[in-house]
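Welcome, and thanks for taking a look. Please have the sequence and the model open as you read along.

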Amino acid sequence: MTATDTFQTEWQDWRTAREAALADPHGWLSLTALHWLDEHPTGFEEVPGLWHVDGDTVVHSGTPAAAVLNPVEGAPGERVELGDRVAEVIRRTGRFAVRIHDPKAPALAAFTGIPTYDADPAWVVVGRFEAFPDSRTVTTGAVVDGLEHHHNAVGTVTFEWDGSEHTLVVFGDGSGPTRVLFTDATSGVTTYPAARILHLAAPAADGTVVLDFTRAENLPCAFTDAATCPIAPADNRLPFAVEAGERNPRLEVTA
């Protein structure tokens, strides 16, 4: 098997695993609604019971699954199973919401795969990671007006493309995997406009790190309006077209 064959096989394995995860019965494609909460107990037609905010918690009442929930700001929500549906309670910019996962969601039933560019090994580039002396917080907007995301930035990665150097801010928790959120000249044209995400392997001892743009992923908001994804930070807006990785699935549906 040639190096090109190995690259294509590994890329296809990544794509298969990625699509299988997205097709989870209670995953992102199962989202059918996003309801913002306040102090008044409110019911929603998709699930039984009532929901309201009480200080820094959300109270669910009126069902055997009644509970007091403590979702963490910016993190995946706390889940309540209600029949075959799941209510996920989230906290975003100090506000609380419940979003509904339905295994019979139309988007899940219609899912046939994620549109991508062809996998071209030319889009696998080597960069140089430089850690910040101390991590810093980078604040970005979100696809939902009025929300903010606060990212832990651990350093930068610099790479060369078409004779010019480009630098991206890298996010992570300081001890594990890192990632970049970026846009480029395809954003809003053939790829989702808010951002794509690229997961990075750990840098080598000399600081070199591989950026495999053929594995650039859509954020959940590319697939559902019930997500609250961040937009890319201003420093991570590449001026050239990254014709690699996942394309905008909404364009494929409406084309």
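## About the model

This is a predicted model, in which local features need pLDDT of at least 70 and side-chain atom pairs count only at pLDDT 80 or more, while totals for chains, interfaces and linings use all residues. Residues are numbered from 1 along each chain as its sequence is written, and side-chain values use heavy atoms, with hydrogens and water left out.

## The open sheet

Let us begin with the strands. An open sheet of 7 strands runs in the order S14-S9-S10-S11-S12-S13-S15, with antiparallel pairing. Strands here are DSSP runs of E with at least two residues, helices are runs of H or I with at least four residues, and both are numbered from the N terminus. Two strands pair if DSSP finds at least two bridges between them. At the edges are strand S14 (208–212) and strand S15 (217–218), each of which pairs on one side only.

Strand S9 (residues 124–141) pairs with S14 in the antiparallel sense over 5 bridges, and in this pairing Arg 128 stands opposite Thr 208 in S14. S9 is also joined to S10 by 10 bridges, again antiparallel; there, Gly 141 stands opposite Glu 148 in S10. Strand S10 (residues 148–161) is in turn joined to strand S11 (residues 164–172) by 8 bridges, and the two run antiparallel. Here Gly 155 faces Val 170, standing opposite that residue of S11.

Asp 162 is exposed, at 73% relative accessibility (buried means under 20% relative accessible area, exposed over 50%, and partly exposed in between, with a 1.4 Å probe and protein chains only).

Most residues other than glycine have a negative phi. Thr 93 is not a glycine, yet has a positive phi of about 50 degrees. You will find Thr 93 in the loop between S7 and S8, where this residue is partly exposed with a relative accessible area of 30%.

## The largest pocket

How much space lies in the largest pocket? The volume is about 880 Å³. On a 1 Å grid over the protein atoms alone, a pocket is an open set of points where a 1.4 Å probe fits, with protein on both sides within 12 Å along at least five of seven lines, and lining residues have an atom within 4 Å of a point. Grid points are joined across faces, edges and corners, and a volume is the space filled by probe spheres set on the points.

The largest pocket is lined by 34 residues, and the closest to its centre are Trp 28, Gly 74, Arg 92, Pro 220 and Pro 230. Helix H1 (3–22), strand S7 (85–92), strand S8 (95–101), S10, strand S12 (178–182) and S15 each give two or more residues to the lining. S10 supplies the largest share, 5 residues. By class, the lining has 13 nonpolar, 11 polar and 10 charged residues; Ala, Val, Leu, Ile, Met, Phe, Trp, Tyr, Cys and Pro count as nonpolar, Asp, Glu, Lys and Arg as charged, and the others, Gly among them, as polar.

## Cysteines and a buried histidine

How many disulfides does the structure hold? There are 0, where a disulfide is a pair of cysteine sulfur atoms within 2.5 Å. Cys 221 is in no disulfide, and the nearest cysteine sulfur, that of Cys 229, is 3.1 Å away. Cys 221 is buried at 2% relative accessibility, and Cys 229 is buried at 6%.

His 60 sits in strand S4 (residues 57–61) and is buried, with a relative accessible area of 2%. A polar atom of the His 60 side chain lies 3.3 Å from the backbone oxygen of Leu 50.

Methods
A polar contact is a pair of N or O atoms within 3.5 Å; within protein, one must be able to donate a hydrogen and the other to accept it, and residues adjacent in sequence count only if both atoms are side-chain atoms.
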